[in-house]
Amino acid sequence: MNSQEIKILFARTVAEEARNVKPTVEADAGLPDFDGARTTAQKVEALMSRLTRGEKIDLLSGIDNMAIKGVARLSMPRVWNSDATSGVRNFGMGTAFPASIALTASWNRELVGDIAGAIGDECRATGVSILLGPGLNMYRVPTNGRNFEYMGEDPFLAGEMAVSYVKAVQGRGVMATVKHFACNNSEYDRHRMNSVVDERTLHEIYLEAFRRAVVKGGAMAVMTSYNLINGVRASENAYLLMDVLRGQWGFTGLIMSDWNAVYSVEDTIKGGLDLEMPGGRFLNRDTIGLLLREGRLSEEDVDGHVRRILGTVIEIGAYERPVVDASRQCRTKAHRLLARRAAEESVVLLKNEDDLLPLVPGRIRMIAVIGPNSRDTPTGGGGASYVEAEDSVSILEGLEREFGGVVQVLHVEDAAGCFSEADASVIRKADAVVACVGYNHVIESECYDRSWRLPDAQEELIRSACRLNPRTVVVVNAGGDYETESWLKRVPVLLQIFYLGVEGGSAVARIVSGRVNPSGKLPFTFARQWRDHPATGNYPKAPENTTQVLFSGPDVRVNGDSYSIKKRMSLRQEKWDIRYAEGIFHGYRFFDAYGVQPLFPFGFGLSYTRFELSHPEIKEKRVNAGEPVTLSISMRNTGSRVGLEVVQVYVRDVQSRLPRPRHELKQFAKVALDPVEEKRIELTIEPDAFRFYDADEHRWVMEPGEFEILVGTSSRALQSAGTVELGHACAEYLKGAAS
Ligand code: BGC
């Protein structure tokens, strides 16, 4: 089997796996009796006092791929899990919402909350109490097969989106699980990958979004990753799990492993992990019983883990309600409309020469639609997060519906970038061409990385189209950036659409026609070339080889279950280093510090209207550390269309004893404005915005001094709002500042 065939098989297997999991929803299973206990802690103790040692050990591992075990004797039902961030996938069909990277590109916290709330409702409707998302690994290399499932390159942006997401899901009575903790920033050979990261970079870049999701968002569960971090497996990493997560951040929730990401017994259980998923290969009655008998583990250790599992399950309400909530529904019309709105706000217009877009019906007569993704528009990236979409709208269908009757929409097939004479003449005659290219859920997926170049020589397709008709709009499905050097200069319009879910085609069509004004902003830096990304110097493979994957690891589900304990134990010792040598100069922080010109900067995205920012003002000229700063600014829509713009606030440390990025995103807001409307916008910069992590002191510090506040519409379109003087930290703040 070649690697492409394996990928197709993998994608099919993952899809079938999702369809085949049937929750045994025991309607009459009953619910446990808490003996009149009122608080969560009392209820936990009520169960603990009745569970046998064996039953407690059983609770430390999952069952049936997607559940925490039940205890029939005590009427404790199973607690069902499901993937993930863009919809409920494991129990029949759910609404396929846009991928996380797309949601993040909306830069709209409320919208992300609305989506997460809808997913929470679909969870309850299908009997799911634990959602296995959101994923928060930082975007480090564009080729990471899972970038689409995460929230971009900036810890503040990702963290804020996660906070909104987590609060909304949990508000629906469903536990959110932030994953994959930590430093699983590419998929290539992920079971052997050892991320070598210095302490400051770890805290400032790779842990920060998790910290926000836990401390501010109140995430109740954390999932560990497959890889090693500084030589220690994520599932055994006592520094990350005990010192940082539980110790510094005060996390009292549930720590579960990724699926088949446990490699040992004693180090895992002592390292802080509570729950082995999907089953008890390592944490079971035999292995734990032995450790207890030999005195290497105490009953209290085991009880601690069980208490945390029960505590979160009780807190979320799963032991006190029917498994399925019949009052909630899946795949409602309202959810579909919400999916479309989110898709519309996610699309990023990167280039629009001579205002070629929008293609206003009435002013044009004919559109030619080409490219593999026009008819088969992918709704999501591949792997565990893939939600099979029901009646998804392709871009072709979307355009036909949007322009139907008024404008002719003609689909033109190509054979590897070549068109027949008849098709070429259609393309020539069209008023515009819409070329739909990019990746899909087979080639951009969990378990392997993808190529830097667009697949299947799509550059040639784009070039041929442009030769025939220079009015070509290129629409790209991708979770990250990709090679553009060989074609972009010929192309007048580039629409970055990520993976937009079930209504993706409608959203694209409504933007193309101008019914909707694009307002997405890049959640990562778009580089001119592969080697401009700082992490590529330490990437294991040349970009053209990044699709190569070691299929001998435990990821091989395509050949049945190969997760033998022996294999996993030997794998535990195997590792290769991936050095995070760029340190804190990650993403735009690198491009800015080293003067590398990005193709499109972080935070960038065009609109059909124009906005003007003016009169920025900082309210406080001096604050004590621990106090927020208030910034206000006027924004005016100077064009003739309604539009949404994202105001972005960055902070620069004017002088610091340690090197710091030129500036870092510390606040943002998405604002709607009618034509010629002007609004005064107020944004609060959190006290944390000024601090950095001091690895010598192993803690966050704040240095008194001057900080410049910059405000604008991308990380490279900023004006200074002035400076603020930071005084000494107040004692009260320092007490809580460790986390
Ligand atoms: C993925 C997780 C997912 C789990 C369960 C693993 O392969 O890495 O993100 O939640 O499977 O499907």
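These notebook entries record what I looked up in a predicted model, beginning with the ligand and ending with the helix contacts.

**Entry 1, the ligand.** I first asked which residues lie closest to the ligand, and found that D83, R146, H180, D258 and E446 are the closest of the 14 residues that surround the ligand. I then took three of these residues in turn and looked up their side-chain distances. For R146, a polar side-chain atom lies 2.7 Å from an oxygen atom of the ligand, and for H180 a polar side-chain atom likewise lies 2.7 Å from a ligand oxygen atom. For D258, I noted that an N or O atom of the side chain is 2.6 Å from an oxygen atom of the ligand.

I next went through the peptide bonds and found that the one from G133 to P134 is cis, with omega near 10°. I placed P134 in the loop that runs between β4 (128–131) and α6 (155–171). A cis peptide bond also joins F181 and A182, where omega is about 10°, and A182 has its place in the loop between β5 (175–181) and β6 (193–196). In the loop between β5 and β6 I also found D189, whose phi is near 50°, a positive value in a residue other than glycine.

The crossing in which α5 passes α6 is right-handed. On the α5 side the contact is made by R109, V112, G113, A116, G117 and I119, and on the α6 side by F156, E160, M161, S164, Y165, A168 and V169. Sorted by class, the residues of this contact of α5 with α6 are eight nonpolar, three polar and two charged.

I then followed α5 (residues 109–126) to helix α13 (residues 333–346), and found that the two pack at an angle of about 150°, with their axes 10 Å apart. Angles over 145 degrees count as roughly antiparallel, and so α5 is roughly antiparallel to α13. Here α5 passes α13 in a left-handed crossing. I listed L111, D114, I115, A118, D121 and E122 of α5 as making the contact with H335, L338, R341, A342 and E345 of α13. By class, I recorded five nonpolar, one polar and five charged residues in the contact of α5 with α13.

Last, I asked at what angle helix α7 (residues 199–206) and helix α9 (residues 238–248) pack, and the value is about 55°, with their axes 14 Å apart. The residues that make the contact are E199, L202 and H203 of α7, together with Y239, L240, V244 and Q248 of α9. The classes in the contact of α7 with α9 are four nonpolar, two polar and one charged.

How values were computed:
Residues numbered from 1 in each chain as written. Predicted model: local features only at pLDDT ≥ 70, side-chain atom pairs only at ≥ 80, totals over all residues. Heavy atoms only, no water. Axes fitted to C-alpha atoms, helices over the stretch in contact; angles between N-to-C directions. Helix = DSSP H or I, 4+ residues; strand = E, 2+ residues; numbered from the N terminus. Contact = heavy atoms within 4.5 Å. Nonpolar A, V, L, I, M, F, W, Y, C, P; charged D, E, K, R; others polar. Near = heavy atom within 4 Å. Polar contact = N/O pair within 3.5 Å; in protein donor to acceptor, adjacent residues only side chain to side chain. Parallel < 35°, antiparallel > 145°, perpendicular 65-115°, else oblique. Left-handed = near helix turned anticlockwise from the far one by under 90°.
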